[in-house]
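Biologist: Before we discuss anything in detail, could you put the chain on the screen, so that we can go through its surface and its interior in turn?

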Amino acid sequence: GIGWVIFQPVFQAVLLWWLFARRVFSEQADGLYALQVLGGTTMWLYGSNSILAAIHHLSTGGNLITKVYFPRALLALCPCVLYLLDLAICSGIVLVGVGYCAGISWAMLWLPICYLGVFCATLGPALVVGILAALYRDVKHIAPYFLQLWIFATPVIYLPFSMVTDGRNLLISLLNPLQAWVSCLAYIIQGMSPPLDLLVVGLLV
């Protein structure tokens with residue numbers, strides 16, 4: 001239900017915030033850091049849940065695929081579309097928090113592009129990993145472990161904003177498309193427009 005949709009990212013975000021903000025970066029984490037962690041965790045959960053669902057559909061829908069003709073990409077596309085509702089609910093909480101802490105800014109006009117980028121960055125891996133899972137059954141068993149590591153491969157989720165806005169951010173974004181879009185969200189939470197080069201990297205990757 002809606003309660004679980006909200007509880008899952010909030011619980012993950014609280015753990016990351018407590019671990020990094022309270023224990024590691026207590027002097028560098030500002031008031032908006034918690035919202036940055038929650039927004040990034042929300043995006044990561046959207047990508048993780050969508051990819052896992054696509055793997056399940058493509059690896060278990062063999063009979064349907066062989067008996068009925070339809071675009072196979074729909075099996076990966078449907079989870080990405082369905083989980084947009086979860087993403088919207090949790091993102092609404094983030095926006096309410098930003099409005100309360102820092103106020104509404106013109107930077108929020110970039111949000112539709114940001115979430116469209118997250119959708120595209122999720123759909124690509126969902127198709128690739130889903131196809132691999134249909135060919136190799138072991139993929140669906142090891143994929144959850146790599147998706148858990150994905151959150152730590154996206155440092156903008158848990159590092160303070162001041163530590164992820166240097167040149168290394170673009171390099172990480174070239175290897176991890178989620179990094180670019182979570183970074184864009186971090187800029188928006190801070191009331192700033194995302195850099196053009198970051199948007200270009202996110203769109204290209």
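Predicted model: local features only at pLDDT ≥ 70, side-chain atom pairs only at ≥ 80, totals over all residues.

Biologist: Why is helix H9 described as largely enclosed by the rest of the structure?

Modeller: Helix H9 covers residues 177-189 and reaches 19 Å from its first C-alpha to its last, close to the 18 Å expected at 1.5 Å a residue. After H9 comes Gly 191, whose phi is positive, near 85°. A residue is buried when its relative accessible area is under 20%, and H9 is largely enclosed because the number of its residues that are buried is 13 of 13.

Biologist: How many of the residues of H2 are buried?

Modeller: Helix H2 runs over residues 33-60 and reaches 40 Å from its first C-alpha to its last, close to the 40 Å expected at 1.5 Å a residue. H2 is also largely enclosed by the rest of the structure, because its buried residues number 22 of 28.

Biologist: Leaving aside neighbours within four places in sequence, with which residues is Ile 89 in contact?

Modeller: Ile 89 lies in helix H5, which spans residues 84-101, and at 25% relative accessibility Ile 89 counts as partly exposed. Ile 89 and Thr 42 are 47 residues apart in sequence and 9.7 Å apart in space, C-alpha to C-alpha. Once the neighbours within four places are left aside, the residues in contact with Ile 89 are Val 5 and Ile 6.

Biologist: Taking the whole chain, what share of the contacts between residues at least 6 apart in sequence joins residues at least 24 apart?

Modeller: The secondary structure of the chain comes to 10 helices and zero strands, and buried residues make up 45% of its 205 residues. The accessible surface comes to about 10800 Å², of which 72% belongs to carbon and sulfur atoms. Among contacts between residues at least 6 apart in sequence, the share that joins residues at least 24 apart is 77%.

Conventions:
Residues numbered from 1 in each chain as written. Heavy atoms only, no water. Helix = DSSP H or I, 4+ residues; strand = E, 2+ residues; numbered from the N terminus. Buried < 20%, exposed > 50% of the residue type's maximum accessible area, 1.4 Å probe, protein only. Contact = heavy atoms within 4.5 Å. Expected span 1.5 Å × (residues − 1). Areas by Shrake-Rupley, 256 points an atom, 1.4 Å probe, with all protein chains shown as cover.
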